[in-house]
Amino acid sequence: MKILDEVSRTLNEFLLVPSLTTAACTPDNIDLSAPLVRHRVGETSPIRIATPLTSAIMGAVSSPRLAIALAQCGGLSFVHQNQPYAEQAAMVEAVKRHKAGFRFSDINIKPSATLGEVSALLESAERDVAVVTDDGSPHGLFVGLISTDDFHPRRHGLDDSVASRMRAAADLVTAPPSVTLSEANTLIWDHRLDVLPVVDAAGLLHSIVLRRDYELHKRFRNESIDADKRFRVGAGVNTHDYRERIPALVEAGADLLCIDSSDGYSVWQAETLGFVRENYGDDVRIGAGNVVDGRGFRYLAEAGADFVKVGIGGGSICTTREQKGIGRGQASALIDVAAERDAYARETGVYVPLCCDGGLLTDSHMAIAFALGADFVMLGRYFARFDESPSPLVHLGGQFLKEYWGEGSSRARNVSRYEHGGGSRLTFEEGVDGYVPYAGSLYDNVDLTIAKLKATMISCGATDLRGFHDGAVLVPVSQQSFLQNSAEIRLR
Ligand code: RVP
């Protein structure tokens, strides 16, 4: 038996002590970019992201819609693996197929629907125009467009059909799927269009380009895109069906894989990493985890992991610590693993990035995680709160909430992540099923988080994340100062 000297500390137990802010510390000058995969010290990682945020490998979090939005903001999503691999690969493909500026048509209606129905649809979605397809689906036969300018509830019967007031496809300007974004925008301005439907040779709707996205697109200067200008997306894998899942995900175009497990210090992870190296060399990039100490890091780094994920039991929906008694405070885990990462880099000349996963409840927790040595962070609760996450929005007790559940909850039944040796059954739960407060758009919230991280780095005199970590001065807070810090107490 061995008992570690230090107590297990959470991110909440640290504060940053400001250092000299120099003239170079301006928000425009701060570089939040991060390496995602291993690289030689002094060289650039083959995959970097401009915004060091990734979304958790969870069914309640990482959908194609969220993956596209996050890639637009410079981050990266990992599509969850608790589904048949063909379905997961289809999600990856949907992200890779999506051309920047071209969106899935999400407000669609059948020509036989009534004006009353389309009116309600547009009102609830806060949109002005719906796309009419033969079956009302996003990729059905394109039939026309109907907007709030095409009918008025007092002039036209709400029981009249959409077909009676829509502008028919034959009279509209459309473009083929080969159109580029700049050609599409020229058509939009030349023909004064609000919507440009992109339609294939068979007349099926492919996507739409919206005039109002023109400005939005210009806002994304840091998109995560591959060499072919497609959005980057990651995907979770497991140590059970990797022989089938990994080829399917690679074929679908996944940029990065990650072994998804609550406890990654296992021979099964080394085997999975070995499979990738044997079959793909360095062409396929794969992270591993989760671990909470230097031993776990070194084991996975030596087994070939491209990055290592840190954190056991800290997730906001996680009950692993109560159920199994395993885990470690996220701050202690990061301090230990970051020291091992740097020692490994000195010894081998290879830098293996760290992802801090779970329990980042505030933007300041993220700042502390970067100061303690995380290269990038993974967030579940944070992203689950946004419009773009796949979980339902509910109105309860006068509050808007989004559903959020753990992968170890009985709702997700993610047996491959929570292996208890019980076959395909989840022997006991390691996560809960609950709600998080709805917080609006991912774009606005990520902008705010970036602004706060930059403000922290400015106070600490840093202009990039590595410099922030190297120069960080942190202090553990005592129970007393922790209590006094709480605004609730100060106001009493
Ligand atoms: P959080 O951001 O605090 O919501 O944590 C998300 C992380 O929690 C995930 O990336 C994963 O590592 C972990 N998780 C997911 N499901 C569960 C569970 O059911 N226990 N835990």
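User: How are α12 and α14 set relative to each other, roughly parallel or oblique?
Analyst: Helix α12 (residues 363–371) and helix α14 (residues 442–459) pack at an angle of about 50°, with their axes 10 Å apart. The two are therefore oblique to each other. Angles under 35 degrees count as roughly parallel, over 145 as roughly antiparallel, 65 to 115 as roughly perpendicular, and the rest as oblique. Axes here are lines fitted to C-alpha atoms, for helices over the stretch in contact, and angles run from 0 to 180 degrees between N-to-C directions. Helices (H or I, at least four residues) and strands (E, at least two) are DSSP runs, numbered from the N terminus.

User: Before we go on, what kind of model is this?
Analyst: This is a predicted model: local features need pLDDT of at least 70, side-chain atom pairs count only at pLDDT 80 or more, and totals for chains, interfaces and linings use all residues. Residues are numbered from 1 along each chain as its sequence is written.

User: Which way does α12 cross α14, left-handed or right-handed?
Analyst: α12 passes α14 in a right-handed crossing. A crossing is left-handed if the near helix is turned anticlockwise from the far one by less than a right angle, and right-handed if clockwise.

User: And which residues meet there?
Analyst: From α12 you have D363, M366 and A367, and they meet T449, K452, L453 and T456 in α14. By class, that contact of α12 with α14 has three nonpolar, two polar and two charged residues. Two residues are in contact if their C-beta atoms, placed from the backbone, lie within 7 Å. For the classes, Ala, Val, Leu, Ile, Met, Phe, Trp, Tyr, Cys and Pro count as nonpolar, Asp, Glu, Lys and Arg as charged, and the others, Gly among them, as polar.

User: Nice. At what angle do α2 and α7 cross?
Analyst: Helix α2 (residues 85–97) and helix α7 (residues 242–252) cross at roughly 20°, and their axes come within 8 Å. α2 and α7 are therefore roughly parallel to each other. The contact uses Y85, A86, Q88, A89, V92, E93 and K96 of α2, together with E244, R245, A248, L249, E251 and A252 of α7. Those contact residues divide into seven nonpolar, one polar and five charged.

User: How about α9 and α11, how far apart are their axes?
Analyst: The axes of helix α9 (residues 294–302) and helix α11 (residues 330–348) are 8 Å apart, with a packing angle of about 40°. That makes α9 oblique to α11. Their crossing is right-handed.

User: Switching topic: which residues are closest to the ligand?
Analyst: The closest are G315, G380, G406, G408 and G431, out of 22 residues that surround the ligand. A residue counts as near a molecule or strand if its C-beta atom, placed from the backbone, lies within 6 Å of it. The shell divides into eight nonpolar, 10 polar and four charged residues.

User: Where is the cis peptide bond?
Analyst: The bond from G289 to N290 is cis, with omega near 5°. N290 lies in strand β15 (residues 286–291).

User: Last one: what domains does the chain have?
Analyst: The domain assignment gives domain 1 (11–99 + 222–491) and domain 2 (108–210), with bounds that come from an automatic or database domain assignment. The C-alpha centres of domain 1 and domain 2 lie 39 Å apart.
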